[in-house]
Amino acid sequence: MILRAAKISSCRASVLIIVLWVAFGLVATAVYFAHSMSMELKAADNNVASMEADQAIEGAALYVSNILATRANMMMIPTPDNFRADAVKVGSAKFWLIGRDTNDLQTSSQGDHPVWGLVDECSKVNLNNANAAMLQNLPQMTVNLAAAMYDWGTTNTQPSVDGAKSETYSGLNPPYLCKNGPYESPEELRLVYGMNMDLLYGEDANMNGILDPNENDGITTPPYDNQDGILDPGVLEYVTVWSHESTMATNGSPRISVANTTALSSFVASNFPSLSHYFPATSTGTGSAGTTPTRGGGGATAAAGGTYSSVLQLYVQTGMSATEFQQIEPYLMNPSVVGLINVNTATATALACITNIGVNLAPQVLSYRQSNPPQAPSITWLVTALGDSSLASLVGPYVTPYSWQFTADVAAVGHDNRGYRRVRFVFDCSSGTPLIVYRQDLTYLGWALGKKLHDQLLADNTK
């Protein structure tokens, strides 16, 4: 009897253990699937946030297009004083427009977040219009690299002095050919012989125009930097392929090339008779001033018949006051309208690349512009800034006071500040209607809105 009772008790204990293990297994399975479903829910929520950020970026493109299309004066530079460029709400998402302070990029790099606004493409050096001498004044440039950059975009199959053509590229591993044609985007510089990532991006690995913590810690985290607390941007910060002017004035009439003195005199006589004495009738027809500007070059002296090589030279030689000249300035254009640098927005580095300004006079021009910001888009102040009217005439073929192409560098997050996305758009307004001519996804570069804003958004999520 006792033995039978012991067996029954042992059997019951075994059943209990089995039941407990089964229960434990069921609970573990339930917890596993609950955790899995929780992760799936979070993933789905993050996906929704990403979709919201994507739609916010599309909304930002429409927003910027409207800003550019509705400017009171199409020749004015749109600034954040006239529109909101940070934390713009689009449903549950919001976006920021990452800009640049072109008056002093290095000083602005010390801020807690990027400068908000649009980026003026005409404040940069056009790779398809600059010669090797101009390119040589870009950061950390060498004679050979500048020549190779020039050779990549020219149709000539023979290399320039110190340059590189297909014979050089054929010896690389893997081999490829020199393009021998215009650059289609600045990123093509990655293919140029002698170029590397450090030269292209400098310390600004995420291309947001400010010094982030990983860009000021030496070799601790990429990129390599010198820990001097000052942002050293790469070549990409200063070059473009999109800058060219519209041949139409804001009232829809054709702008007049200053080389066409007959049309110039007729226009002034008809529309600004009080200024017609500055433009006596000539018999030189449509002759150009000296040589029509070519890639990175051009005539800079007036021909004997009174024609002009640039708008700035016309201003200098007619002797008009700045107030008088600014009445007709919007209706005039240089003989060549491709690749002109906007001196009202260019950085010191871009100014240094302008022929006859160079590294010696660029700080002087920038300092004058900072102290005397132009009240209207005009080229007239440059004569005073240079302090030499003859030198201003030489600079004239390379500069403009106007911009027609702008970059909208859009970063966005969805609800709960998740789903980060970043896309760069280039808008061309030269036809009168803003058109997107380039689009590039920059999300892979990582967070670009600065550490302070990152921490702030993270704190908002924990409230």
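Two strands pair if DSSP finds at least two bridges between them, and strands here are DSSP runs of E with at least two residues, while helices are runs of H or I with at least four, both numbered from the N terminus. Keep that in mind for the first stop, and note that this is a predicted model, in which local features need pLDDT of at least 70, side-chain atom pairs count only at pLDDT 80 or more, and totals for chains, interfaces and linings use all residues. Residues are numbered from 1 along each chain as its sequence is written, and side-chain values use heavy atoms, with hydrogens and water left out.

**The hairpin.** Select β11 (residues 421–428) and β12 (residues 435–441): the two run antiparallel, joined by six bridges. Across from Phe427 you will find Ile436 in β12. Now step into the six residues between the strands, where Gly432 has a positive phi near 105°.

Arg424 counts as buried at 9% relative accessibility; buried means under 20% relative accessible area, exposed over 50%, and partly exposed in between (1.4 Å probe, protein chains only). Glu187 is buried too, at 15%.

**A pair in a helix.** Next, go to α14 (residues 451–461), where Lys451 and Asp455 are four residues apart, about one helical turn. Their closest N and O atoms are 2.8 Å apart in a salt bridge. Lys451 is partly exposed at 48%, and Asp455 is partly exposed at 34%.

**The core.** Which residues touch the most other members of the largest nonpolar core? Select Met149, Leu189 and Val192, out of 74 residues in that core. Such a core is a set of buried Ala, Val, Leu, Ile, Met, Phe, Trp, Tyr and Cys residues joined through side-chain atoms within 4.5 Å. Another core lies apart from it, with 37 residues, among them Ala53, Ala93, Tyr402 and Ala408.

Note on methods. A salt bridge is a side-chain nitrogen of Lys or Arg within 4 Å of a carboxyl oxygen of Asp or Glu.
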